[in-house]
Every structure is written in C-alpha cells, then in structure tokens.
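The following note sets out some points for a colleague who is reading this structure for the first time. Please keep the sequence and the 3D view at hand while going through the points.

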Amino acid sequence: MEEPEKKTEVVLLACGSFNPITNMHLRLFELAKDYFHETGKYKVIKGIISPVSDAYKKKGLISADHRVAMAKLATKSSDWVEVDDWESSQSEWLETLKVLRYHQEKLLSPDPTNSLQNAMPVAKPGRKRKQEPNRHEPIKKKNQSPDIKSVPQLKLLCGSDMLESFGIPNLWKLEDITEIVENHGLVCISRAGNNVQKFIYESDILWRHKNNIHLVEEWITNDISSTKIRRALRRGQSIRYLVPDAVQAYIEKHNLYSPESEDRNAGVVLAPLQKNARDSKN
C-alpha cells in the first residue's frame, strides 16, 4: 500500500509599508491560506508581516514605531499571523531578498518555536509524546489527512502591483528577482481579469520560474488601500470597517496622517532607486 503524499509546510511573508495596515492586508493572508489548503498539498503554518524601515524614504511614510504598533494591534486576534519588527528596526533600507533570507534562516534554525510540533496540542500529563522504539505506526486510512513535511517553505506574499513593480527600472535587481522566485516563490493575489499572467509571460525570468509563482484570484473584490485610507483621514472622513477598530483608535489617539505627514520625504528619491542606480554606475 502506497503511503499518502506528505504535505509541505508553508510560511507566508508579506513585506511593505503598512502605512497604515488595512483589512485588505489581512485578507491577503486568508486568501493565500485558502488557496494552499485547497490544493491538498500544503499546510500554511504561519504568516509574517514585516513593515519596512523608515529608511525606505517613501513619501508620506510615518514612523516605523507607529506602523509596527498598528500591525500588532491588527493581528492580535489572529492565531497564525504575526508581526516581525526586525526589518523595520534597521537603520538602513534592506532589499526584500535580504528579509527573506533572514526569515529563512530563522525557520531553518534549531529554535524549537519554529517547529510545527509546538503548534500542536500538548500531550496530557503522564503520557509520553515520544513514540516507543518498537511501537508500530498505525496504518493510515485512505481518507486520512496526509503527513506534514518537516522543512517549511518561505514564500513572499504580495499583490499584483508588487509583482508588476519588478518591471520598474532600478527598483529591483534582476539577480534578486531570480533568487526570490527560484529559491522561495511568490504568492500573488490578483483580481479576476488582471494582466498578471501577461506580465509573467513577458518576463523571461518570471516565465522560467512560473511554476513557483502562485496566482490567487480574488473573487470577492476589495479596493481598500493604505493610500485611500490616508486620503480619507486627511479629509476628516470615516475609515471605520476599512481598518481594524483597534487600528482606527490608535490613529485617532496619536493624531496620525495629516497633510503634514503626507509631505514627509516629499522630493526624496526612494531608497532602492537611489541604491540600485548608484550600483549600476559602479
């Protein structure tokens, strides 16, 4: 009798400004998780939100401390999505590939908190969890769930706009794009009728690794964006039900997102454009 195919553990990593985090950002994780679980081949064990550092220099980008705090409030009720502040605490902007490498190292480390076993219910007191050497595995029935593979795959979760940004000159290094899609993979949430597939077709790098790019169609469309949230706040309009209630309360308490904050970094060249343009001259 053939053993059932083992599932592959997946960790989803979303990088970005989260300025502020919205309900749409949280929906990306749920959509991706549903997609992977419906294949029957994967088990999503964790989602990670990694806000970019202030050194990114994006126009209107408020302090990382506030953005991280809001993201933590937004994910407080989640039992699988968490916020990591390593990237946001860096004094210099880091390429997304370096952030992926950092989290991959954490997953491969012997740290027991990264093991799926620790996410499972703890054995009752007095009962041994470890299997006896001579004890045989029970025979699995055909309809039983597949086993889980022990080494997790880290995949970059993004929207179609991020994928299409690969085509913007000097925003991404070609070698970085190659390593991201080859060694990690992308999970891209796109709306029905979007031209993401055409973009992949027109890119030799993406086409070569198209089997490692998972396109997830968003059938229940959601047009919430951080840009629109900030615009509403500047105009004194309600953002209720567009962001988690705790995030709205935090924004109001700290009086975030004003016309003045939107002008922050105005006229400053985005950090990756500065760095990659400089590197290309050398």
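1. Ser190 stands opposite Glu217 in strand 6. Strand 6 (residues 213-218) and strand 5 pair in the parallel sense over 6 bridges. Two strands count as paired if DSSP finds at least two bridges between them. Strands (E, at least two residues) and helices (H or I, at least four) are DSSP runs, numbered from the N terminus.

2. The model is a predicted one: local features need pLDDT of at least 70 and side-chain atom pairs count only at pLDDT 80 or more, while totals for chains, interfaces and linings use all residues. Residues are numbered from 1 along each chain as its sequence is written, and side-chain values use heavy atoms, with hydrogens and water left out.

3. Strand 5 also has a partner in strand 4 (residues 153-159): 4 bridges join the two, which run parallel. Within this pairing, Gly159 stands opposite Ile189 in strand 5. Is strand 5 largely enclosed or largely open? Of the 6 residues of strand 5 (residues 186-191), 5 are buried, so the strand is largely enclosed by the rest of the structure. Here, buried means under 20% relative accessible area, exposed means over 50%, and partly exposed lies in between (1.4 Å probe, protein chains only).

4. Side chains of opposite charge can pair when their charged atoms come close. The structure holds 11 salt bridges, a salt bridge being a side-chain nitrogen of Lys or Arg within 4 Å of a carboxyl oxygen of Asp or Glu. One of them joins Asp54 and Arg67, whose closest N and O atoms are 3.1 Å apart. This pair links distant parts of the chain, 13 residues apart: Asp54 belongs to the loop between strand 2 (42-51) and helix 2 (64-74), and Arg67 to helix 2. Asp54 is partly exposed, at a relative accessible area of 30%, whereas Arg67 is buried at 0%.

5. A salt bridge also forms between Arg234 and Glu262 (3.3 Å, N to O). Arg234 lies in helix 8 (residues 226-234) and Glu262 in helix 10 (residues 259-262), so the pair ties together parts that are 28 residues apart in sequence. Arg234 is partly exposed at 31%, and Glu262 is buried at 12%.

6. Glu202 and Lys198 form a salt bridge with their closest N and O atoms 2.7 Å apart. Glu202 is exposed, with a relative accessible area of 52%, while Lys198 is partly exposed at 46%.

7. The structure holds 6 aromatic pairs. Rings of Phe, Tyr and Trp (its six-membered ring) pair if their centres lie within 6.5 Å; planes over 60 degrees apart count as edge-to-face, under 30 as stacked and the rest as tilted. The rings of Phe29 and Trp80 have centres 6.0 Å apart and planes at 75°, so this pair is edge-to-face. Phe29 is in helix 1 (residues 23-39) and Trp80 in the loop between helix 2 and strand 3 (81-83), 51 residues apart. Both residues, Phe29 and Trp80, are buried.

8. Tyr35 and Phe36 are likewise edge-to-face, because their ring centres are 5.1 Å apart and their planes lie at 70°. Tyr35 is partly exposed at 25%, but Phe36 is buried at 0%. Ring pairs link Tyr35, Phe36 and Tyr42 into a cluster.
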